[in-house]
Amino acid sequence: MDKIKVIGEQTLSGKIYISGAKNSAVALIPAAILSDKAVIDRVPNISDVKSLREIMEYLGVETRVSDGKMFVDATNIENRDITKEYSTKLRASYYFMGALLAKFKKVVISLPGGCSIGKRSFDFHLNGFEKLGAKVTVNEDIYTIEADKLVGADIHLPFPSVGATVNIMLAAIFAEGVTTIDNAAFEPEIGNVIDFLNSAGANIVGKDTSKLTITGVKELSGGNIRVIPDRIEAGTYILAGVMNGKNLEICDICPEHLTSFFEKLKEMGADFEIKGDTVITNKVAHLKPVNIETAAYPGFATDLQQPITTLLLMADGVSTLKETIYENRFQNTKYLNEMGAHIEITGDTITVYGPTKLNGKVVKTSDLRAGAALILAALSAHGETTITDIKHLLRGYSNLIQKLTNVGAKIWLEEE
Ligand code: EPU
């Protein structure tokens, strides 16, 4: 299996341009089957997008990518069962539940895949579909969801789940009457999906709030959207700059999507300056320890929890980090400890003892953001680090090696 090798302690300077958000793109692509034709601009070059395009092709939907724009033509779509060879490649395959249910009133799909970072149930999605009038049956990990007709309903989410909000919204697009989703998640990626659906003729009100109102429409056509910048990719490279940068510029970002993250960097005394859609970062000699707790948006993003752990290693003192969204999102700490860190896990919290001098080692990527944490560690470590199982990283970071090489990192792919 391919590996990434890094020789650390290089100064990073120049510009890194942020790609379109993974978690928007992976919802927008399945959503596009609701609009006969659609254009999605700034699609990231990641394997999750490739996996979704394979599912689209299997369903008879044409997708063509040119200059970062994806053109979708769903006029010849067929409702085929999404088998596990397709569904397990990524989490977001479950957005075909909502989309196919809306379009055909029936979907048969195997259990979705994705990073193994916790239970990751999708009971809220299924309960939502049932409220809209669907019947859900499960047989050996194969979900059949079908309805004679879908009728608008008032749905309350027990937790503001990103996936449930999007999936129920998709299922409700053509439902008779009005659906409300309350305690909805309002991550920026959801707003991006709402803008897309509304551009195609949907009637969704409540973007960026915890209550969505979806009035069913007869059809969608001609959807058009530009994917928002990936705030997690941006945060990852900002961390690289704060650890190793000299005027490293992270460009094309939406700073307002990273408010909680910036607050923590500020508290640590990191050197960064926001100028429009760019953040300029520099390494500083000393950083203060902090306490962080992850939360749904606009709180501190769980997806930046593992990457920022690597920065906490550089702080002068003891930091803590509480993970409130996932039960098993500390798998990076084992490898960071092997590189010289001192991190202890107690239940849902880790204690990070800084400052640490990291040394290059052979480490393994257990999940996407753990991989990002290890890349950051490798960039700071003394000597050479080999990162194995990189398939997880390629699922979510567009042109990672190229972007880092361009700013002076010594990083390369070793193919086997
Ligand atoms: N949950 C349930 N039941 C449900 C849905 C969620 O118990 O029906 C729980 C989950 O087990 C989890 C929590 O609620 O503990 C939050 O889950 P959520 O549904 O919000 O997460 P998701 O939709 O599965 C998306 C992103 C994740 C990101 C989370 C939180 C996609 C494809 N994935 O996951 O991204 O961490 O929202 O922001 O959009 C990543 O990019 O590395 C990643 C894991």
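Select Lys5 to begin: with a relative accessible area of 15%, this residue is buried. The structure on screen is a predicted model.

Glu414 counts as partly exposed, at 31% relative accessibility.

Lys5, Glu384 and Glu414 are linked in a network of salt bridges.

Now move to Glu249 and Lys15. These residues form a salt bridge, and their closest N and O atoms are 3.5 Å apart. Glu249 is found in strand S14 (residues 245-251) and Lys15 in strand S2 (residues 12-17), so the contact ties together parts that are 234 residues apart in sequence. Glu249 is partly exposed at 23% relative accessibility, and Lys15 is partly exposed with a relative accessible area of 44%.

For the next stop, select Asp303 and Arg329. Their salt bridge has its closest N and O atoms 2.7 Å apart. Asp303 sits in the loop between strand S17 (291-293) and helix H10 (305-312), while Arg329 sits in the loop between strand S18 (318-322) and helix H11 (331-338), so the pair ties together parts that are 26 residues apart in sequence. Are Asp303 and Arg329 buried or exposed? Both Asp303 and Arg329 are buried.

To finish, return to the whole model, where the count comes to 18 salt bridges.

How values were computed: Residues numbered from 1 in each chain as written. Predicted model: local features only at pLDDT ≥ 70, side-chain atom pairs only at ≥ 80, totals over all residues. Heavy atoms only, no water. Salt bridge = Lys/Arg side-chain N within 4 Å of Asp/Glu carboxyl O. Buried < 20%, exposed > 50% of the residue type's maximum accessible area, 1.4 Å probe, protein only. Helix = DSSP H or I, 4+ residues; strand = E, 2+ residues; numbered from the N terminus.
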